Protein chains: 2
Amino acid sequence: MNIAGGKRGRITIHDVAAAAGVSISTTSKALNDTGRMSVETRARVKRIAGEVGFRPNALARGLLSKRSFTIGLLTNDTYGRFTLPLMAGVSEALVDHGVSVFLCAIEDDPALGQIHVEAMLEKQVDGIIASGKRVDGQLPVDLSKLPVPVVYAFTEGEPGSVTFRSDDAQGARLAVEWLVRIGRRRIVHITGPDDFFSVRERAGAYHAVIGGEGVVMYGRWAEAWGHEAVERIWSGEGEKPDAIFCGNDQIARGAVDTLRERGIRVPEDVSVVGFDNWEIVAGQTRPPLTSVDMELKELGRQAGLTVLALAEGRPVEPGVRTLPCRLVVRQSCGGKSPIE
Amino acid sequence: MNIAGGKRGRITIHDVAAAAGVSISTTSKALNDTGRMSVETRARVKRIAGEVGFRPNALARGLLSKRSFTIGLLTNDTYGRFTLPLMAGVSEALVDHGVSVFLCAIEDDPALGQIHVEAMLEKQVDGIIASGKRVDGQLPVDLSKLPVPVVYAFTEGEPGSVTFRSDDAQGARLAVEWLVRIGRRRIVHITGPDDFFSVRERAGAYHAVIGGEGVVMYGRWAEAWGHEAVERIWSGEGEKPDAIFCGNDQIARGAVDTLRERGIRVPEDVSVVGFDNWEIVAGQTRPPLTSVDMELKELGRQAGLTVLALAEGRPVEPGVRTLPCRLVVRQSCGGKSPIE
DNA sequence: TTTGCATGAGAAAACGTTTTCTCCGGGATT
DNA sequence: AATCCCGGAGAAAACGTTTTCTCATGCAAA
């Protein structure tokens, strides 16, 4: 008897059974710690399975159990700014459960989205996580009638679904309160387009913290806008701000660079806070940016566990879940610590 | 007869067969355009399959055909700098063939890598693409004894395997030749650590183009290094360069920012070329960077097609394949066009 | 009429598991 | 001595496809 498996190809449970001198049923039960048998038999089968390098075929298993231990992550975020940390969280949370993740980047192409969804469904994914780059926009594909659970992250979900997003208001509060606490009084807010839900949330929190009179400048999500806004402020009349709260790190970077060029010191003269904590931007700015982190990885982790729960039929409360942000302090604000 | 599928759960080929009043064999043959039957029967079965929303179970299909139409992309590139474009290419090339991609980010953790590989093999992936962030380094997991084909991209492969990487020398040549063509003569090269294969390749090409006396400054892959290097050059004695070829876009950005701060105009006084064409850096620099694009997406596409070919048993020539780079002209060099 | 052959369609095996059911033997209880 | 039950193990069905046979029919050729 050939221990390397009789028939050509991968080695199956039949090979293990033959090598151990038991039936495949006993082998299966031995390996899965189910059924009844002597401890010796179980141990022997397990040992032999290890020796011959048996690897159960998930296709066969899935066919029977109707669980593929596979989920799909659908995204239209081209730069991966959101997707990558999210994906890392999802994967990290699910790998322990033996679940692998299909990543499907569908630009903004409905047809491509449809194809990917179709492919995933044929492959019997246990669930799908739909992720985008803004919370007030839908993916260009209808996920409402799918035979598998769908969880939304950073994108607008169907009514009755589970949606995850960061708590923009709380994050903005964190930033502005920090500026206030280190003694800043004239804080302006340079941010993105006001048709973004997140932008309005953050601006709202900004106003709530500083009370009444604040200045919010809406623009684009680009360094150039940070640049332009600072130029506009400092070339104008009147008292200058002593702090800037920016809608994202790119704007913040543009602002910081422009201040430096104007000879205005950051953080001595002006404190700057960013949003996103995008390492590649925040960490490379001179000085490195204090920024609000949206905890995307944690968000991914929770989205992963949620879709898994749904897949297993466990009850999950529908609705929008907002996760708290965290302030990452670097050197663009000055101030030592919240307790001075 | 219930047209929505008799037994509970997803609708199977049995349901289609019943609805069409034929056997499942006939149904299968009708849908796959195999076997013999009247055109009417075939058309009717197809129509009904569409009507009831039949979706073949890829698990069952894969069990039989020993093809899962699934591949794995293994990467240790945390920032996704390389992974994302690569993934986009792989996915784009394979979606047409019905293949979906598992993305597995294994930081630099051998245990995690092992777990992911194991999970993918159980799921019967048809092949694996291993990708890294430097061509002279291996992933922290042994892929040499796998029962499925492995293709390497931007990472060191086993002898006898297929490996894809960009043509660093050609890319560097493109950059330096461009600078020469627009009239620059005193070109320095500010780049990364010289223990990177790519760094040495590019420096070699730089020397080859400008002939003999060139200045190469090795450092870190960071903006701060670009900054520091420019400071060092311009605060020193002697004639200043009229062009800088940088090892990546971050270094280039640091250099451009520092030049601007020193009142040196880019591109009028000094031309700067980057490497990577990382949109988020190159596009946001003032002025936007001319940069060498490594065509990662195309590289991903070819890697995907290659692993597919191997999975299907088609012959593939082993060895290292280098893909040409492309120069993306923005505004950091001046000069109108190659033909002046 | 018999033979041959093309056409249309179904039965059944196979893929690699898991799970339910059945069987057998032996020690403990009546 | 008859009964019960339990521990140990295997047989077989099931999951949803694809594919290889086999079969029945009808028509043309001998």
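This is a predicted model: local features need pLDDT of at least 70, side-chain atom pairs count only at pLDDT 80 or more; totals for chains, interfaces and linings use all residues.
Residues are numbered from 1 along each chain as its sequence is written, chains are lettered from A in the order in which they are written, and side-chain values use heavy atoms, with hydrogens and water left out.

**The interface**

Chain A gives 52 residues to the contact, and chain B gives 52 residues. Contact means heavy atoms within 4.5 Å. Of the interface residues of chain A, 100% are also interface residues in chain B, so the copies meet through the same surface.

| Item | Value |
|---|---|
| Buried area | about 4800 Å² |
| Share of that area from carbon and sulfur atoms | 56% |
| Salt bridges | 10 |
| Residue pairs in polar contact (both at pLDDT 80 or more) | 24 |

Buried area is the accessible area (1.4 Å probe) that two parts lose on being put together, summed over both. A salt bridge puts a side-chain nitrogen of Lys or Arg within 4 Å of a carboxyl oxygen of Asp or Glu. A:Glu223 and B:Arg253 meet in a salt bridge through their side chains (2.6 Å, N to O). A polar contact is a pair of N or O atoms within 3.5 Å; within protein, one must be able to donate a hydrogen and the other to accept it, and residues adjacent in sequence count only if both atoms are side-chain atoms.

**A residue in chain B**

B:Arg321 lies in strand β11 (residues 319–323) of chain B. Strands are DSSP runs (E, at least two residues), numbered from the N terminus. B:Arg321 counts as partly exposed because its relative accessibility is 28%; the class lies between buried, under 20%, and exposed, over 50% (1.4 Å probe, protein chains only). B:Val162 is 159 residues away from B:Arg321 in sequence, yet 7.5 Å away in space, C-alpha to C-alpha. B:Arg321 touches B:Val162, and its other contacts include B:Phe164 and B:Thr306. The side chain of B:Arg321 also reaches the backbone oxygen of B:Glu317, at 2.9 Å.

How values were computed. Helices (H or I, at least four residues) and strands (E, at least two) are DSSP runs, numbered from the N terminus. Lists of a residue's contacts leave out its neighbours within four places in sequence.
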